[in-house]
Amino acid sequence: MKRAIVLSGGGTKGAYELGVWKALREKETEFHIVTGTSIGAINGAMMCTGDYEKCCNMWENMVMEDLMNDGITVTNTMEDFYNNKKPLGPFLRKYFKRGGIDNSPFTDFVRKNISEEKVRSSKVEYGLVTVKQKGLFPCCLSRQEIPQGKLKDFVIASSSIYPVFPIHEIDGEPYLDGCYYDNLPIDLAFRLGATDVIAVDMHTLPQHPNYADRPYVTYLTPSRELGGVLDFDPERIKSNIRAGYRDAMRKFGKYKGFTYSFYPESLKKYRRSAERFCLMIARSEAVIMERDTSKLEKAGDLHRIFQLFQKGTGRKELKKEDYFLRAAELCGEVYEISSEEIYDMSDYARKLLSRIKTVDAYPDAGIFANISQRGIIKRLMDLKLQNEVEYLTGCLYYALRSDTLSLNDRAQILALLPQETAAAMFLTAL
């Protein structure tokens with residue numbers, strides 16, 4: 001068997017790939033081929049040579065000045081865009097005057113961190129993707145196909161994300177970032193002899209969905225957004241390293257969960273809770289399916305909860321335990337519990353239950369027994385519009401515990417407020 005690691009491009013999001021590498025080392029997973037595009041080509045070259053500590057040092061100490069002169073941090077948030085409005089003007093003036101960012105520090109950075117001699121002598125095969133500017137001709141190259149003495153140049157070319165970075169010339173031939181052809185070179189790995197692939201995609205939706213369900217491809221996608229491609233915030237980089245590690249460990253079966261991480265052994269005592277939770281969902285679905293539906297109660301509305309359960313699972317066929325875990329995660333989102341830790345389920349449950357106040361703090365918990373159905377829906381939707389998700393969840397929790405929430409009400413509210421109701425059902429099932 002020949003196992004390949006395939007690494008995606010994505011700029012500073014590439015810290016995520018270091019976290020995956022950490023997990024591979026802990027699992028003592030052998031690999032025989034590494035292919036990558038852009039930052040994946042850089043990380044891949046270091047994986048090929050086994051320079052793990054150097055890669056850690058690179059990411060833990062990376063600053064914008066390592067990659068560009070007079071650069072600017074680019075994130076995915078409007079808040080950061082407005083914070084950058086002042087330096088944006090001078091940056092753009094210099095950018096257009098030069099015809100791109102001055103990335104001379106980046107070329108020095110690659111030449112310092114990658115050893116062509118070590119890549120060529122490694123027992124691990126190596127390949128990358130770049131694109132010739134002329135005709136946008138793709139170049140999917142093994143190390144043997146890269147001319148001697150030019151490997152670092154081709155790594156730089158693979159990472160030359162025009163128009164952010166200038167085009168990189170090799171022997172007079174201009175090259176572009178490999179993302180313009182294949183940002184996750186799984187095909188190249190198979191051409192180089194792989195029989196099994198671990199593909200690390202830095203997009204939450206697979207770039208190659210045709211490979212996502214294949215038995216010979218272990219396809220990793222982030223459980224959350226990783227930020228911008230030029231986001232040099234050191235906390236974001238550290239967080240992305242941790243995310244890569246946790247996501248990989250869940251994929252390899254070390255931890256349970258989808259967007260949060262739980263120790264598998266800690267779930268055994270919650271099998272009955274999982275049964276109780278799934279029974280509540282099943283009864284709610286049955287109520288909706290067995291009767292004529294109104295506009296508010298049409299069966300299709302219930303699909304929202306199952307879409308929430310499915311989200312982030314990689315289209316996995318879910319079992320009862322998975323529904324219970326997804327409800328736990330949805331509850332964690334409601335109460336803004338950090339997903340950065342690895343939890344014992346008992347500790348996690350206590351943390352959530354500690355956020356529930358006494359029943360007196362939730363006066364609307366009693367509306368289900370005293371107000372018409374139309375009035376109930378109006379009040380709940382008003383609270384939803386006010387973003388009172390914690391309060392809503394607490395009200396539903398106490399209503400479920402006191403049996404004032406009928407099956408009909410439960411089914412309708414689950415369709416209208418899927419996350420809050422699922423969270424309350426999870427807390428009740430505990």
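**Entry 1: strand β3**

I started with strand β3 (residues 125-132), which is mostly covered, with seven of its eight residues buried. I take buried as under 20% relative accessible area, exposed as over 50% and partly exposed as in between, with a 1.4 Å probe and protein chains only. Helices (H or I, at least four residues) and strands (E, at least two) are DSSP runs, numbered from the N terminus.

I noted that the model is predicted: local features need pLDDT of at least 70, side-chain atom pairs count only at pLDDT 80 or more, and totals for chains, interfaces and linings use all residues. Residues are numbered from 1 along each chain as its sequence is written, and side-chain values use heavy atoms, with hydrogens and water left out.

**Entry 2: partners of β3**

I looked up which strands pair with β3; two strands pair if DSSP finds at least two bridges between them. Strand β2 (residues 33-37) pairs with β3 in the parallel sense, over five bridges.

Strand β4 (residues 137-142) runs antiparallel to β3 and is joined to it by six bridges. Here Val131 stands opposite Pro138 in β4. The hairpin of β3 and β4 has four residues between the strands, and Gly135 takes a positive phi near 75° in it.

Strand β6 (residues 173-177) is also antiparallel to β3, with three bridges. Val131 turns up again, with Leu176 as its bridge partner in β6.

**Entry 3: Val197**

I then checked Val197, which lies in strand β7. Is Val197 buried or exposed? Val197 is buried, with a relative accessible area of 1%. I listed what Val197 touches, not counting residues up to four places away in sequence: Ala4, Val6, Ile186, Ala189, Phe190, Tyr216, Val217 and Thr218. A contact means heavy atoms within 4.5 Å. I also noted Lys2, which is 195 residues from Val197 in sequence and 8.5 Å from it in space, C-alpha to C-alpha.

**Entry 4: helix α1**

Helix α1 (residues 15-26) has 12 residues and reaches 17 Å from its first C-alpha to its last, close to the 16 Å expected at 1.5 Å a residue. The expected span is 1.5 Å times one less than the number of residues in the helix. Nine of the 12 residues of α1 are buried, so this helix is largely enclosed by the rest of the structure. Among the buried ones I wrote down Tyr16, Leu18, Val20, Trp21 and Leu24. I looked up what covers them: the cover of the buried residues of α1 includes β1 (3-7), α2 (39-49), α3 (52-60), β7 (196-200), β8 (217-220) and α11 (234-251). After α1 comes Glu28, with a positive phi near 55°.

**Entry 5: the largest pocket**

I turned to the pockets next. On a 1 Å grid over the protein atoms alone, a pocket is an open set of points where a 1.4 Å probe fits, with protein on both sides within 12 Å along at least five of seven lines; lining residues have an atom within 4 Å of a point. Grid points are joined across faces, edges and corners, and a volume is the space filled by probe spheres set on the points.

The largest pocket holds about 960 Å³ of space. It is lined by 35 residues, and Thr221, Phe258, Gly312, Thr313 and Gly314 lie nearest its centre. The elements that give two or more residues to this lining are β8, α11, α13 (299-310) and α14 (320-334). Which element gives the largest share of the lining? That is α14, with five residues. By class I recorded 12 nonpolar, 10 polar and 13 charged residues in the lining of the largest pocket. Ala, Val, Leu, Ile, Met, Phe, Trp, Tyr, Cys and Pro count as nonpolar, Asp, Glu, Lys and Arg as charged, and the others, Gly among them, as polar.

**Entry 6: helix α14**

I followed up on α14, which has 15 residues and reaches 21 Å from its first C-alpha to its last, close to the 21 Å expected. In α14, 11 of the 15 residues are buried, so the helix is largely enclosed by the rest of the structure. Phe324, Arg326, Glu329 and Cys331 are among those buried. Just after α14, Glu336 takes a positive phi of about 55°.

**Entry 7: the whole chain**

Last, I noted 20 helices and 10 strands in the chain. Of its 430 residues, 51% count as buried.
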